[in-house]
Every structure is written in structure tokens, then in C-alpha cells.
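Hello,

Here is the structure I promised to pass on to you. Have a look at it first, and then read on for what turned up in it.

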Amino acid sequence: MNFQVAGLGLDKMKLDSPQPFLDTEEGEEVEDQQLLEPEAWSTYTERRNTLREFLASDLSPHLLRRHHARMQLLKKCSYYIEILPKHLALGDQNSLVLPNTMFQLIDPWKFQRMKKVGTAQTKIQLLLLGDLLEQLDRGRLELDSLLESPDPRPFLAGWGLVEQRLADLSAVMDNFLAMMVPGRLHIKHRLVSDIGATKIPHIRLMLSTKMPVMFDRKESVAHWDWVSLRWFVTIQPAVQEQFELRFKLLEPRTQQECMQCGVIPVAACTFEVHNLLPNHTYKFTVKRAESYTLVYEPWRDSLTLQTTPGPPEGLTPSQLGKPSLPLPAPTER
């Protein structure tokens, strides 16, 4: 059944004829009701309300906006392999082997292969999530068009297809929600080689997600020859993380200006970069420090700041008492 939305053919009203004070929507319903017998009209109303309820709850615009926002966040996250023991060997009374210990037992070459599998699985999962979200958006538009149709007869005749569409969209939503959480990595080969009589618990590999690192654009400020930077993570981890801060001068014109760049390891969420050039524009990027378990990091936040044209009013460079940190060694940009 092909449901088409036709425009409402309203008759032109004469200005000199009296018109009843009737709400537009109520008037449309009266016209629709004239097309159906009372029993058919009651069925039409019930099914129409069912569709409205589905669109208002299971597929509401607010819910779809939340999913789109969550999808954009996932595209900025970092993805890691997490190693977890499945269970203890039979009869072993020792405590679970810690993940750090497991890394010492895992074949490095096999683990690198699993990292490539994790990268591919993460990319595929993000693509599938985007496709499922597009299906939900299209479904919402299709169902909206049915409600706007001026003729109730095609709606009633094709209700079986509508019910099937509702079931399909519910299944798509379930799949989307289930896929929002990174899943298990499937291991085709053993990662831990036999090491004699030592009992090694079976392990499972999971994909874990870390929220993106983002600059605090209100608290990050440029001064005359230095900048104060601050960044944050939406969900703070239990332990302090290590970060990598990069900066470079945009559009350098001399060899000396080409040296205005660097990579700085930082163990906090704030840092000051000194000995910059006044009245110049710099680009800063921040991300987590490289990790052995990292499999995919598609995004890193960047911030552009311009230093002020001159020193603070009333001071000369020789009078500035604030100590300056030397620039780090230049790196390839």
C-alpha cells in the first residue's frame, strides 16, 4: 500500500457569507468522518491514537535528538581493549589474575592483531549506529506523513503494513540501544601460550569507551606572551590520567617562528605555555597520552587562541615577575 500525502483542498470562503466558529482540526475531522461509517470511524480514531502514542513516546523528537547527541559524543570518544578473566581454573584457590599480569602472559604479536580487529569492529559499530539512527529518522517522517493524510480510507486499508512498520521500528530502536554499549571482542585464537603447569584463567576481551577530552573555552585564556589552558573529561576517571598537549604557531613567516611548536606531556587538566610571540595566533590540541590498549581515537579537540599585542599596561617585559617556562623541543608539525 502506497500512502501519499495530499494537500487539503479547502473551498474558498466568501467574505459576505456567515462562517461557523469551528476549530480547523475539528473541521477536518468532521470532513473525514463523513467519508466513513460510524464503526469504521471509531476504528480509524483508535488506530490513529495508537500511532500518535507511538510517535509521542517510542519515537518522539526529543528522544531522537538525545540519540543524535549521544551519537556525536560516541564519534569523539576513545576506544580501548579491556582484558578480563572469565573465571578461575578448576580447583584454583588463588585470586583472579590482574589485567596487568595478563599482559605479561599474552603474546604481543597476537595482541597487536586483536587491536586491529578492535579498530575494525569499532568503526563498523559506529557506522551501523549511524545507519540505525537514519532508519529511525526516516520512520518518524513516514509515520508523520500518515497522520497528515486527509483521507482516512488508505490509512485503514493499509493498517497491517502500519503495524508491521511499528514493529520494525521498535526492533531498530532495540538494536540501536544495544549497540550503544561497546561489546565483546571475539577471539579466534588463544592469546596466552602454554606455560607449563601454571594455571591461567580464560580471558575475554571487551571494548571499553572513554569520554572525549575537551578544552574549557571559558577558562582557556591568551595573554601577551603566554596562554593558560584548561580541559576536562565529562566523566572523571577514578585515577589521574596523562595527557598530551600540542601547540603550533599558525602561519609562521621566519625560521624562528617555525620553532614555535611542541608536544608537552601533562599529568593534570591545566597548563600554561610561556615564551610565545605577542599578537600571534596559535593552535592547541589535547588528547590522552598514548596507551598500549588504545584501538581507535578518531577525534581530538583543538583550540585557537591569539596572544595580545603588548604587555600589561604600565609594565615592561623586564618588569614582569612571572617566571616563564621554556618552550619544549620543537617537533614535526
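A residue counts as buried when its relative accessible area is under 20%. By that cut-off, 33% of the 333 residues in the protein chain are buried. Please keep in mind that this is a predicted model.

Let's start with the overall layout. The protein chain holds eight helices and twelve strands. If you take the contacts between residues at least 6 apart in sequence, 77% of them join residues at least 24 apart.

How confident is the prediction? The mean pLDDT of the protein chain is 80, and 72% of its residues reach 70 or more. Strand β12 (residues 301-306) has the highest confidence, at 98, while helix α1 (residues 24-33) has the lowest, with a mean of 50. Over residues 1-27 the pLDDT stays under 50, and the model has 19 contacts for them beyond four places in sequence. Residues 88-97 also have a pLDDT below 50, with eleven contacts in the model beyond near neighbours in sequence.

Next, a pair of helices. Two packed helices are described by the angle between their axes and by the distance between those axes. For helix α2 (residues 38-57) and helix α7 (residues 159-179), the angle is about 15° and the axes lie 12 Å apart. Angles under 35 degrees count as roughly parallel, so α2 and α7 are roughly parallel to each other. Their crossing is left-handed.

Which residues of α2 and α7 meet? From α2 come R47, T50, L51 and F54, and from α7 come W159, L166, L169 and S170. Sorted by type, the residues of this contact are five nonpolar, two polar and one charged.

Is V266 buried or exposed? Its relative accessibility is 5%, so V266 counts as buried. Leaving out residues up to four places away in sequence, V266 touches W231, E241, Q242, F243, L245 and F271.

Enjoy exploring, and write back with any questions.

Best wishes

Key. Residues are numbered from 1 along each chain as its sequence is written. This is a predicted model: local features need pLDDT of at least 70, side-chain atom pairs count only at pLDDT 80 or more; totals for chains, interfaces and linings use all residues. Side-chain values use heavy atoms; hydrogens and water are left out. Axes are lines fitted to C-alpha atoms, for helices over the stretch in contact, and angles run from 0 to 180 degrees between N-to-C directions. Helices (H or I, at least four residues) and strands (E, at least two) are DSSP runs, numbered from the N terminus. Angles under 35 degrees count as roughly parallel, over 145 as roughly antiparallel, 65 to 115 as roughly perpendicular and the rest as oblique. A crossing is left-handed if the near helix is turned anticlockwise from the far one by less than a right angle, and right-handed if clockwise. Contact means heavy atoms within 4.5 Å. Ala, Val, Leu, Ile, Met, Phe, Trp, Tyr, Cys and Pro count as nonpolar, Asp, Glu, Lys and Arg as charged, and the others, Gly among them, as polar. pLDDT is the predictor's confidence in each residue, from 0 to 100. Buried means under 20% relative accessible area, exposed over 50%, partly exposed in between (1.4 Å probe, protein chains only).
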